[in-house]
Amino acid sequence: PFQKCKIKRIDYKLKRQDSTKTLLIKSEQLLRIEEQDFAIRPGFGGSAIPVGIDVQVESIDSISEVNMDFTMTLYLRHYWKDERLSFPSHTNQSRTFDSRLVKKIWVPDVFFVHSKRSFIHDTTMENIMLRVYPDGNILYSVRVTVTALCSMDFSSFPLDTQNCSLELESYAYNENDLMLYWKNGNDSLRTDEIVLSQFFIEHFHASSGLAFYSSTGWYNRLFINFILRRHIFFFMLQTYFPTMLMVVLSWVSFWIDRRAVPARVSLGITTVLTMSTIITGVSSSMPQVSYVKAVDIYLWTSFLFVFLSVIEYAAVNYCTTLEEMRKMRRGKIPSTFNASQAMAFDGCFHDNDIELTTFPRMAPALTSDPLTAPSPNSDLRPPEGTRLRRQRSVRENVELLVNNSYMIDSYSRLAFPLSYLLFNTVYWSLYC
């Protein structure tokens, strides 16, 4: 008798010390977990079990254009009814459990479609909650971070708007066994205040649909859709403003004397190399897509303007060389002419260096009637109020530019800014 009494005291003492284990055993007995087969879904063999979903988005951690994905942290909550877990209660109060009991019962096998990585937070314990009501209704909540694919279209980058979605679906149970739905309709998706560095969120909304797999059938699928608009100010400071300044800087060459070869060549090469650096920097931070982006159009058009300013000086220098050689043959310029001594602020020859040719007078018209023919002393000028003009041919215009090469710079000072202004007007009206 004394031996039996001693063993009972030890068992009672152990039970009091390990109260957590005692409560877990009582809960399993209360929910009759050992008596049921939770490997199969509730209502097996009958109609599909409805599983309501609601989501609270905690944060959007990152959006990667290079990898075309986004990372989101959210609270995912499931609602369903499993009569096998009903229990008697006089107060009608629910019981809350953690992840240790979740592993012993049936829970929906919801997964994230197109996810690359995902994990359940486990600090300090696994962030899982299970709440069971006396009538068998269950709330299952989990805090999860998921990285999912977002198919982005960069044809309007960086003036683009991206539409990304996170998709939820049952992995094993098709629509005949499990019916996923948003529990509270459009109010099933809630968000905290989310601030992103390069985007602002225009709209969050929930939707649903069906997905078909040839080998397993139709599945209910839920969508968390959000529309992102990119902040343009960062790219204005890093890309567009420096590009505009480089194009304007290349125009300074038009006001430098055309004989100052080192100054104009070094300025042109510097702007070309700077534009190449800007283009390379933008391309390195973007995915290698096979179509043209909006920023590519702007950068390469600006690069073309800078390149044409270099080509413009090559044409000016060539025409200036031809002009000076012709004048040297005519004796206008002595053989000891020093080009550095002839530099002017506007890059033009002085008036006494320019040979102006006049058009020959028009010969009088010959007529067969001597009475109507003008006399030699008659005035050959046309009647007052009329003026005769002879249009120059393309060849004569080219000859005029070759003989007066300073005119190329004069025309470029006006043509380049107006063309670039027209391009900017068309570009920003199309993409903004």
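**Figure 1. The disulfide of the predicted model.** A search of the whole structure finds 1 disulfide. In this predicted model, the link joins cysteine 150 to cysteine 164, with 1.9 Å between the sulfur atoms. The torsion about the S-S bond is -75°, and the link is left-handed. Cysteine 150 sits in the loop between strand 7 (137–149) and strand 8 (161–170), and cysteine 164 sits in strand 8, so the pair ties together parts that are 14 residues apart in sequence. Both cysteine 150 and cysteine 164 are buried.

Figure 2. Cysteine 319 has a relative accessibility of 9%. The cut-off for buried is under 20%, so cysteine 319 counts as buried. Cysteine 432 has a relative accessible area of 68%. Exposed begins over 50%, so cysteine 432 is exposed.

Figure 3. Phenylalanine 157 and proline 158 are joined by a cis peptide bond. Omega is about 0° at this bond. Proline 158 lies in the loop between strand 7 and strand 8.

**Figure 4. A cis peptide bond between two threonines.** Threonine 123 and threonine 124 are linked by a cis peptide bond. Here omega is about -5°. Threonine 124 is in the loop between strand 5 (115–120) and strand 6 (128–132).

**Figure 5. Serine 188 in its loop.** Serine 188 belongs to the loop between strand 9 (178–182) and strand 10 (189–191). Its relative accessible area is 0%, so serine 188 is buried. A polar atom of the serine 188 side chain lies 3.3 Å from the backbone nitrogen of lysine 183. Leaving out residues up to four places away in sequence, serine 188 touches Ile53, Asp54, Val55, Trp182 and Lys183.

**Figure 6. Positive phi at methionine 68.** Methionine 68 is not a glycine, yet its phi is positive, at about 55°. The residue lies in the loop between strand 1 (49–64) and strand 2 (69–81). With a relative accessible area of 21%, methionine 68 is partly exposed.

**Figure 7. Positive phi at histidine 114.** Histidine 114 has a phi near 65°, a positive value in a residue other than glycine. Its place is in the loop between strand 4 (110–113) and strand 5. Histidine 114 is partly exposed, at 48% relative accessible area.

Figure 8. Helix 4 covers residues 233–251. At 1.5 Å a residue, its 19 residues should span 27 Å. The end C-alpha atoms are 26 Å apart, which agrees. A kink of about 35° lies at tyrosine 240, shortly before proline 242. Tyr240 is among the buried residues of helix 4, as are Phe235, Met236, Thr239, Thr243, Met246, Val247, Ser250 and Trp251. What covers these buried residues includes strand 12 (217–230), helix 5 (261–284), helix 6 (294–330) and helix 8 (406–431).

**Figure 9. Helix 8 and its bend.** The 26 residues of helix 8 should span 38 Å at 1.5 Å a residue. Its end C-alpha atoms are 38 Å apart, which agrees. Helix 8 bends by about 30° at serine 412. Ser412 is buried, along with Met407, Ile408, Asp409, Phe416, Tyr420, Phe423, Asn424 and Tyr427. Helix 8 is also part of what covers the buried residues of helix 4.

Figure 10. An unreviewed UniProt entry lists residues 232–253, 265–285 and 297–320 under "transmembrane region". In the model, residues 232–253 are 86% helix and 0% strand. The end C-alpha atoms of that span are 31 Å apart. Residues 265–285 are 95% helix and 0% strand. Their end C-alpha atoms also lie 31 Å apart.

**Figure 11. The chain as a setting for the close-ups.** The protein chain has 8 helices and 12 strands. It has 432 residues, and 37% of them count as buried. Among contacts between residues at least 6 apart in sequence, 78% join residues at least 24 apart.

Technical notes
Residues numbered from 1 in each chain as written. Predicted model: local features only at pLDDT ≥ 70, side-chain atom pairs only at ≥ 80, totals over all residues. Heavy atoms only, no water. UniProt positions renumbered as here; feature names shortened; annotations may be inferred. Helix = DSSP H or I, 4+ residues; strand = E, 2+ residues; numbered from the N terminus. Buried < 20%, exposed > 50% of the residue type's maximum accessible area, 1.4 Å probe, protein only. Polar contact = N/O pair within 3.5 Å; in protein donor to acceptor, adjacent residues only side chain to side chain. Contact = heavy atoms within 4.5 Å. Disulfide = S-S within 2.5 Å. Expected span 1.5 Å × (residues − 1). Bend = angle between axes of the 7 residues up to and from the residue.
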